[in-house]
Amino acid sequence: KIKLNGIVDYSSTKGIGKNIGNNVRDVGAISLLLNHKVSHYFQYDLSFRKEATNTYESPLLMAFGSNFNVNSNYKIKLNLSKNFRIPTFNDLYWVGSGNSNLKPESAIQSEIGHELTFKNIEIKITSYYNSISNLIRWIPKNSVWKPENVDNVTSYGNEILANYKMQISKHSFQVNSSYAYTISENEKTSKQLTYVPFHKFTAGFAYNFKKLSFNYQYLFNGFVYTQSDHEAFIKSYNVSNVGLVYDFGKENKYKLGFQTQNLFNENYQSVGYRPLPGRNYLVNLTLNL
């Protein structure tokens with residue numbers, strides 16, 4: 001019922017290119033992982049990891065996760081962790097965009113999740129709280145995206161996922177949806193980070209009959225600030241896509257699809273001053289040989 005693993009790993013990464021220069025990074029690490037299945041209803045995982053690199057000093061990383069099966073329909077999950085992320089080569093060296101002065105990102109993360117299953121319905125509810133230091137974010141600056149550190153960020157919120165499936169003879173139906181409420185604030189200014197919506201909702205519907213399938217997708221994205229001082233923002237938008245696919249083969253080898261994107265011709269932007277297409281059409285042919 002108890003499993004203990006020790007891992008020693010080493011990696012050497014060399015990046016060569018006209019856009020990132022000539023750079024080398026060596027990383028060595030020691031990890032210890034413990035899994036304990038206490039009973040059919042409860043188990044937990046505990047891990048420790050220490051890295052050593054030639055570029056950054058890494059702290060001792062820890063993680064704890066647990067699953068509690070209350071009954072056959074209800075499960076509770078708990079996760080706590082201390083994380084560390086060093087900038088990638090693109091973050092640091094990409095010509096014209098990279099920032100060689102970036103600091104590593106560290107975080108304390110926690111979440112609790114609930115999973116409920118009733119016949120054809122599955123619901124997942126997750127609440128989380130994260131405290132992040134030196135968050136690395138790529139943000140648009142004039143016509144170029146650049147990475148930067150945000151000193152200290154507090155991020156918390158809730159996510160809800162729901163899925164429903166039904167089969168009637170040769171007809172199958174699937175409905176799914178998700179909703180996220182997100183607060184992601186710069187602790188110094190108590191302001192929401194740019195391009196992080198408070199509210200986001202998605203939904204989808206799919207219908208299949210023999211070789212014919214139909215799908216509908218919907219997205220609501222709440223308004224987002226485009227400047228850290230909140231002097232400018234992009235309004236919320238609703239976008240819908242609808243598609244039809246027919247399979248000409250016997251084993252899903254030849255599929256012809258037609259999709260209408262931005263069905264209701266919404267005038268919207270996801271990045272400031274970069275309008276996205278209105279209603280447009282997509283035809284695709286998929287061959288699996």
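The answer below goes through the salt bridges pair by pair.

A: This is a predicted model. A search of the whole structure finds seven salt bridges.

Start with E51 and R49. Their side chains meet in a salt bridge, with N and O 3.0 Å apart. E51 has 18% relative accessibility. Buried means under 20%, so E51 counts as buried. R49 has 25% relative accessibility and counts as partly exposed.

Next come E115 and K77. Their side chains meet in a salt bridge at 3.2 Å, N to O. E115 lies in strand β6, residues 105-118, and K77 lies in strand β5, residues 74-85, so the pair ties together parts that are 38 residues apart in sequence. E115 is buried, with a relative accessible area of 19%. K77 has a relative accessible area of 30%, so K77 is partly exposed.

Now turn to R85 and E105. These two form a salt bridge, and their closest N and O atoms are 3.4 Å apart. R85 is in strand β5 and E105 is in strand β6, so this pair, too, links distant parts of the chain, 20 residues apart. R85 counts as partly exposed, at 34% relative accessibility. E105 counts as buried, at 13% relative accessibility.

E51 is buried, E115 is buried, and E105 is buried. R49 is partly exposed, K77 is partly exposed, and R85 is partly exposed.

Note on methods:
Residues are numbered from 1 along each chain as its sequence is written. This is a predicted model: local features need pLDDT of at least 70, side-chain atom pairs count only at pLDDT 80 or more; totals for chains, interfaces and linings use all residues. Side-chain values use heavy atoms; hydrogens and water are left out. A salt bridge is a side-chain nitrogen of Lys or Arg within 4 Å of a carboxyl oxygen of Asp or Glu. Buried means under 20% relative accessible area, exposed over 50%, partly exposed in between (1.4 Å probe, protein chains only). Helices (H or I, at least four residues) and strands (E, at least two) are DSSP runs, numbered from the N terminus.
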